[in-house]
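Hi,

Here is the structure I promised to pass on. Have a look at it first, and my notes on the strands and helices follow below.

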Amino acid sequence: MASLLKDLYSPAFYDRLSNALAISIPKFDKGKFINAVFTPEFESKELKERMKHTSKVLHDFLPEEYLQSIELIKKTITQLRIQGIGEDGLAYMFLPDYIETYGIHDFENSVNALEFITQFVSCEFAVRPFILKYENEMILRMQQWSLHESHKVRRLASEGSRPRLPWAMGIPFLKKDPTSILPILENLKTDPSAYVRRSVANSLNDIAKDHPEVVLNMAKNWSGLGAETAAIIKHGSRTLLKQGHADILKHYGLDDAGILLKDFKILTPQVRIGESLEFSFTILNSNPAEQKVRLEYAIYYKKQHGQNTKKVYKISERIYPAGATINIIRKQKFVLITTRKFHLGDHQISIIINGAEKNILNFDLTA
């Protein structure tokens, strides 16, 4: 049986952590720390609860003076590195949580701590309460981070300021008006780190959901800056492309005129949960010249109360020579996972060519 994420907080983890704490914190009592961690309720705690619990227990072993505590946390990170503990370990997310929980009223010392800690474990979630509390002051600091020598600090500038960061608290004022974070993205549009560039693209995609015109304008302004920046624009425009937004389709030269859908068939009109929907179709470029073709399909999933929800999946994007005919067969799995629930009955599938939805066919999902 696969181990659960919460089991990252294991006896072995706390043994390694307390060994580092014993070196960095004067008069640290390892046994007392371990006993404080493993309360009778510990086993029933989930991942985030264990993370919060670890942060609280650590607080009880650090000085009352916050700045002293920060310095000891920095020393602990140094010790962890000396012991060969790799960076970006998910279990160490309790360190940025400590800053978020106990340092929210000390702007300068806390943001300096986040700058240091994020180079060991990402602080993208912990930084968001500071954006909400300090708004422009925090955004200005993140603009400075976007020019930092460490790619992890630069990535924190873009990832932490995303208006719609998944699994994190939203930033309403950035959803309403993303203008203040655009200089961050401008600074990072040609960043040498792929880790940073992907974050920039994700931020653009967030912005596109509320302000497509902002992303369209940036796509035009960033054109011609090289393949890596072009990839940022393309990935940052993915929601607009799936929506078939006319201006982004035009930007990428995606016109469905003369691109014909032929012989669209569902090969498995009845699909059992756990199996796959199979379908096939043919694409003909009837134009006298080659044409870029973006192919997608949409599944209309049946929801609990009978209405459908549409989800778009990309097949390919390529140049079709004049007169080219391409036969395509695809499968879509209907496998249950913890974040997805299927409802039995009629479903639909359509083919999308360069943003234009074509034929829609029905199929039946059964148990």
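Ile259 sits opposite Asn285 of β3. Keep in mind that this is a predicted model. The two strands involved, β1 and β3 (residues 276-285), run antiparallel and are joined by six bridges. They belong to an open, three-stranded sheet with the order β1-β3-β6 and antiparallel pairing. β1 (259-266) and β6 (325-333) each have a single partner strand, so they stand at the edges, with one side of each left without a neighbour in the sheet. On average, neighbouring strands here are turned by 20 degrees against each other, ignoring direction.

Within it, β7 (residues 345-353) pairs with β8 (residues 356-366) in the antiparallel sense over eight bridges, and Ser350 stands opposite Ile360 in β8.

On to the helices. α4 (residues 66-82) packs with α6 (residues 107-117) at an angle of about 5 degrees, the axes being 11 Å apart. Angles under 35 degrees count as roughly parallel, so that is what α4 is to α6. From α4, Tyr66, Leu67, Ile70, Ile73, Lys74 and Ile77 meet Asn109, Ser110, Ala113, Phe116 and Ile117 of α6. Sorted by class, this contact has eight nonpolar residues, two polar and one charged.

Cheers

How values were computed: Residues are numbered from 1 along each chain as its sequence is written. This is a predicted model: local features need pLDDT of at least 70, side-chain atom pairs count only at pLDDT 80 or more; totals for chains, interfaces and linings use all residues. Side-chain values use heavy atoms; hydrogens and water are left out. Two strands pair if DSSP finds at least two bridges between them. Helices (H or I, at least four residues) and strands (E, at least two) are DSSP runs, numbered from the N terminus. Axes are lines fitted to C-alpha atoms, for helices over the stretch in contact, and angles run from 0 to 180 degrees between N-to-C directions. Angles under 35 degrees count as roughly parallel, over 145 as roughly antiparallel, 65 to 115 as roughly perpendicular and the rest as oblique. Contact means heavy atoms within 4.5 Å. Ala, Val, Leu, Ile, Met, Phe, Trp, Tyr, Cys and Pro count as nonpolar, Asp, Glu, Lys and Arg as charged, and the others, Gly among them, as polar.
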